[in-house]
Number of protein chains: 2
Amino acid sequence: MRSRAGRMRDIQPFRVMELLARARKLEAQGRDIVHMEIGEPDFPTPAPVIDAVFRAIASGDVHYTPATGLPVLREAIAGYYLRHDGVALDPARVVVTPGASGALLLVLGVVLDPGEAVLMADPGYPCNRNFVHFLDGRTRAIPVTADTGYQLTAQQVAQHWDETTAAVMVASPSNPTGTLIPTGELRQIRDFVARQGGTLIVDEIYHGLVYDGQAETALTLGDDLFVINSFSKYFGLTGWRVGWLVAPAAVVPDLDKLAQNLFLAAPTPSQHAALAALQPDTLVILDQRREAFRQRRDYLLPALRDIGFDIPMSPQGAFYLYANCERFTADSFQFATTLLEEIGVAVTPGLDFGNNQPEKHLRFAYTTSRERLEEGVQRLKAYL
Amino acid sequence: MRSRAGRMRDIQPFRVMELLARARKLEAQGRDIVHMEIGEPDFPTPAPVIDAVFRAIASGDVHYTPATGLPVLREAIAGYYLRHDGVALDPARVVVTPGASGALLLVLGVVLDPGEAVLMADPGYPCNRNFVHFLDGRTRAIPVTADTGYQLTAQQVAQHWDETTAAVMVASPSNPTGTLIPTGELRQIRDFVARQGGTLIVDEIYHGLVYDGQAETALTLGDDLFVINSFSKYFGLTGWRVGWLVAPAAVVPDLDKLAQNLFLAAPTPSQHAALAALQPDTLVILDQRREAFRQRRDYLLPALRDIGFDIPMSPQGAFYLYANCERFTADSFQFATTLLEEIGVAVTPGLDFGNNQPEKHLRFAYTTSRERLEEGVQRLKAYL
């Protein structure tokens, strides 16, 4: 008995999961591991969120919600865009989803036919490719470099677009590079895609974690694109699995129909957590955490460069540094394994992010405390 | 801006959602509505489950779990099969999912290629068809009648199977009919499907809610089939969105890979709720609720027959009665609308369950109290 669907040949597992499992095993044996591999903030669920969830559960508010989410949560998300981004948004365009993962599944479900292609940057978030493969589409991964801030340019999009292309996906800030796409460039991409009758999908999962200035949401560019966001990163609600999608108004009925069938709805307790995460008292806490992330970046970036890692772009957001490690190795996967085994430092090999020189790159996540980052840097410095 | 993917043409919305929205509107206007349309138990989350969730959240246990679920939950599910069904099951074959919906998506993801067909009974649960359409497969809905307990027979499966068929789905107890498939018949289906190199998928979402004797799980038939279950129905955790899947051992690595990409994992607080739902103190409460459902069935079934609805099969499980209403109407959708508007009784029209004489059928859910069921029956009796 084997999987028989062809799509499974194109879907890769996360290599970092093997490393994480090995790290947990070493920890169980008593080894001290510095975790710089995990894309999950180390902060606990904010107290006002916990209070609100307890109230909701105790009052029995745990039944199915509408497939597009609690109306009050959709309104609160729209209100957040107004206050945070100055964008007036009809709450009817907001669809609450089980994580940003659910949002990606819905968007690709309504825009992608089997055999059609989606353009995306390489390196990039691995799930994006795999969602496309799940729906039997093809990914056209475009190699990007530090010269363009690891982001697609309008010229590259035009160059790689053909009649089989359905959509282009952009992530800003990017995972694994933490870099933003300039709004002017994104506008050109939007205009080009609109002329082709294609779809622009913008991943703003790390939009709340930008340290240099404020990132502009792609929603300022028009109402004919999809924006995906998450309560997992800035809002810190990883295991709760809740995210959202802003969609062109005319597509919402189809997204609703898909959500009814694929999920029924996002988990109800998690929707109450998300609602509390958008309240002013929680946002004060989250902004303090963003400042802590900024301080970690400002420590780790020069520290890694100092050791000899090449990080040509200073990332403006997310909580990742994408480092060239070819000074130390020609095989970053083997190198990551060695660092874990020899000095107990866990990092993610480039292999998880695509085929654009993955063997020369590692991703460092600063999702652990300053003290632990310093410990990791000391171990690397002593070893290398 | 419109949806452009072809699959959206084949995916139907739930018609009952329109009715539910209309019912809510009438309630907001002060009308009293008897809800017999909703497939959601009316009982609150059991107290021991709430306690366990509060403890987990308060202790910070809200981070991502492994994609296949908390190991302790997979073990507890395997333990439940041993105690409840006498089936010894390797916990490694259990995959925890975001609702049974997530389980369906994973299973079809590994077994179905675009253009291939899945056999299923008509009437049947509407999402099953739509999951197949989501992956660009085709559904071959086989009309079933009370003569076979609204279940597929091995003969029908053999008759409708061809070289494009990938799988057959069976639900026992069935939604909307509440009927079981005889184990002997299911064994013949399993044997036939195995000879064809196809896949048997058994929906046991209502397995915990069987009132006449005990249903046998399909896991007794072999380890080469997929069984889907849910914490929403017997366990009553609807809005929490957690379910599970038992799979052939060799397929689990691919299911893990898909789950990593499509969900990351089921919501963590919900997994803790599920774990508590499997403990002896909760099961005592759940068994009392099952007895309450049985009493409701034993009241509603003769009461509806008495009014003039034709319910040829006495359903053994779930919380639905599938009633022929042709004595009253030639259009059950219009009839359901009229019942809601005229007497405030909400039921689900047959249209949601397929194309097999839907206009002659209604589904009554006994997910509300005995008193409310009596109120609904009184209104129907007075009106009809």
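The radius of gyration used here is taken over C-alpha atoms, and the globule rule is 2.2 Å times the number of residues to the power 0.38. The model on the screen is predicted.

**First stop: chain A as a whole**

With 384 residues, a compact globule would have a radius of gyration near 21 Å, and chain A agrees because its own value is 21 Å. Along the principal axes, the C-alpha atoms of chain A fill a box of roughly 55 × 55 × 55 Å. Of the 384 residues in this chain, 54% count as buried. The contacts within chain A may be considered next: among those between residues at least 6 apart in sequence, 74% join residues at least 24 apart.

**Second stop: where chain A touches chain B**

Now display both chains. How many residues of chain A are in contact with chain B? There are 59, and they meet 59 residues of chain B. Highlight helix 2 (47-58), helix 4 (99-111), helix 5 (126-134), helix 8 (252-262) and helix 9 (268-277) of chain A, each of which supplies at least two residues of the side that touches chain B. Coloured by class, that side of chain A shows 34 nonpolar, 16 polar and nine charged residues.

Helix 2 and helix 9 of chain A pack with their axes 8 Å apart, at an angle of about 140°. Helix 2 of chain A is therefore oblique to helix 9 of chain A, since angles over 145 degrees would be needed to count as roughly antiparallel. The crossing of helix 2 of chain A past helix 9 of chain A is right-handed. Show the side chains of P48(A), V49(A), A52(A), V53(A), A56(A) and I57(A) in helix 2; these meet P269(A), H272(A), A273(A), L275(A), A276(A) and A277(A) in helix 9. By class, this contact between helix 2 and helix 9 of chain A has eleven nonpolar residues, one polar residue and no charged residues.

Move to chain B and select residues 252-262. Why is helix 8 of chain B described as largely enclosed by the rest of the structure? Nine of its eleven residues are buried, so the description applies. Among the buried residues of helix 8 of chain B are V252(B), D254(B), K257(B) and L262(B). The cover over the buried residues includes helix 1 (15-28), helix 4 and helix 5 of chain A, together with strand 2 (94-97) and helix 4 (99-111) of chain B. Just after helix 8 of chain B, select L264(B), which takes a positive phi of about 70°.

Select F231(B), in the loop between strand 7 (226-230) and strand 8 (243-246) of chain B. F231(B) counts as buried because it has 30 C-beta neighbours inside 10 Å, and the cut-off is 20 or more. Leaving aside neighbours within four places in sequence, F231(B) is in contact with L237(B), W240(B), V242(B), G243(B), A274(B) and A277(B). Y206(B) is 25 residues from F231(B) in sequence, and their C-alpha atoms are 9.6 Å apart.

Finally, select L112(B), in the loop between helix 4 and strand 3 (117-122) of chain B. Is L112(B) buried or exposed? L112(B) is buried, because 26 other C-beta atoms lie within 10 Å. Beyond its neighbours within four places in sequence, the contacts of L112(B) include A5(A) of the other chain, as well as V118(B), V132(B) and L135(B).

Methods. Residues are numbered from 1 along each chain as its sequence is written. Chains are lettered from A and ligands numbered from 1 in the order in which they are written. This is a predicted model: local features need pLDDT of at least 70, side-chain atom pairs count only at pLDDT 80 or more; totals for chains, interfaces and linings use all residues. Two residues are in contact if their C-beta atoms, placed from the backbone, lie within 7 Å. Helices (H or I, at least four residues) and strands (E, at least two) are DSSP runs, numbered from the N terminus. Ala, Val, Leu, Ile, Met, Phe, Trp, Tyr, Cys and Pro count as nonpolar, Asp, Glu, Lys and Arg as charged, and the others, Gly among them, as polar. A residue is buried if 20 or more other C-beta atoms lie within 10 Å of its own, exposed if 12 or fewer, and partly exposed in between; C-beta atoms are placed from the backbone. Axes are lines fitted to C-alpha atoms, for helices over the stretch in contact, and angles run from 0 to 180 degrees between N-to-C directions. Angles under 35 degrees count as roughly parallel, over 145 as roughly antiparallel, 65 to 115 as roughly perpendicular and the rest as oblique. A crossing is left-handed if the near helix is turned anticlockwise from the far one by less than a right angle, and right-handed if clockwise.
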